[in-house]
Amino acid sequence: MKIQINSPQQMFKLGEKIGKRLKQSDVVVLNGELGAGKTVLTQGIASAFKILGVTSPTFVISRIHKGKPNFIHIDAYRLLDSDPSNFADLDFESYLASSVFVIEWGKDFVSTLTDQYLEINIEPGEKGDQRQVELVMVGDRWEDFKL
């Protein structure tokens with residue numbers, strides 16, 4: 001599924017739509033260059049869970065926002081040059097049953113957590129704030145996923 005986004009506000013709204021369809025144990029992986037809109041999309045997803053004030057956890061790797069479900073935002077950028085087992089050593093798996101995960105830069109690591117995830121690829125568009133967003137559903141959980 002491909003979507004054209006024309007502003008940060010539209011990226012946020014897309015995140016809200018996605019967030020409203022997520023449930024415990026769901027994992028979303030965000031791919032895109034620096035400044036692509038991954039954090040804005042994450043803020044929109046989090047807002048669907050009534051979580052505000054989400055910032056990128058670049059320097060701390062993850063932030064756990066307590067709730068029902070927990071909302072765990074991971075920025076794996078600092079782990080890109082490491083072995084994927086380093087991600088597994090962080091023990092996010094113990095939170096999986098009670099949480100929704102959003103993992104920025106997580107494509108190389110998601111398989112250590114689950115084989116069922118929503119992958120979102122964000123590419124620059126032709127003009128300024130334009131983005132091309134592609135949603136790729138991986139696994140049976142996402143078989144009937146629609147926005």
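Reader: How are α1 and α2 oriented to each other?
Author: This is a predicted model. In it, the axes of α1 and α2 cross at roughly 40°. Angles under 35 degrees count as roughly parallel, and 65 to 115 as roughly perpendicular. The two helices are therefore oblique to each other.

Reader: And how close do the axes come?
Author: They come within 6 Å.

Reader: Is the crossing left-handed or right-handed?
Author: Right-handed, as α1 passes α2. On the α1 side, the contact includes Pro8, Met11, Phe12 and Leu14. On the α2 side, it includes Val40, Leu41 and Gln43.

Reader: What span should α1 have, and what does the model give?
Author: At 1.5 Å a residue, its 12 residues should span 16 Å. The end C-alpha atoms of α1 are 16 Å apart, so the two agree.

Reader: New topic. Which residues touch the most other members of the largest nonpolar core?
Author: Ile18, Leu41 and Ile120 do, in a core of 25 residues. Among the elements giving two or more residues to this core are α1, α2, β6 and β7.

Reader: What does Leu41 contact, leaving aside neighbours within four places in sequence?
Author: Leu41 is in contact with Met11, Leu14, Gly15, Ile18, Leu30, Ile120 and Ile122.

Definitions and conventions
Residues numbered from 1 in each chain as written. Predicted model: local features only at pLDDT ≥ 70, side-chain atom pairs only at ≥ 80, totals over all residues. Heavy atoms only, no water. Core = buried A, V, L, I, M, F, W, Y, C linked by side-chain atoms within 4.5 Å. Buried < 20%, exposed > 50% of the residue type's maximum accessible area, 1.4 Å probe, protein only. Helix = DSSP H or I, 4+ residues; strand = E, 2+ residues; numbered from the N terminus. Contact = heavy atoms within 4.5 Å. Expected span 1.5 Å × (residues − 1). Axes fitted to C-alpha atoms, helices over the stretch in contact; angles between N-to-C directions. Parallel < 35°, antiparallel > 145°, perpendicular 65-115°, else oblique. Left-handed = near helix turned anticlockwise from the far one by under 90°.
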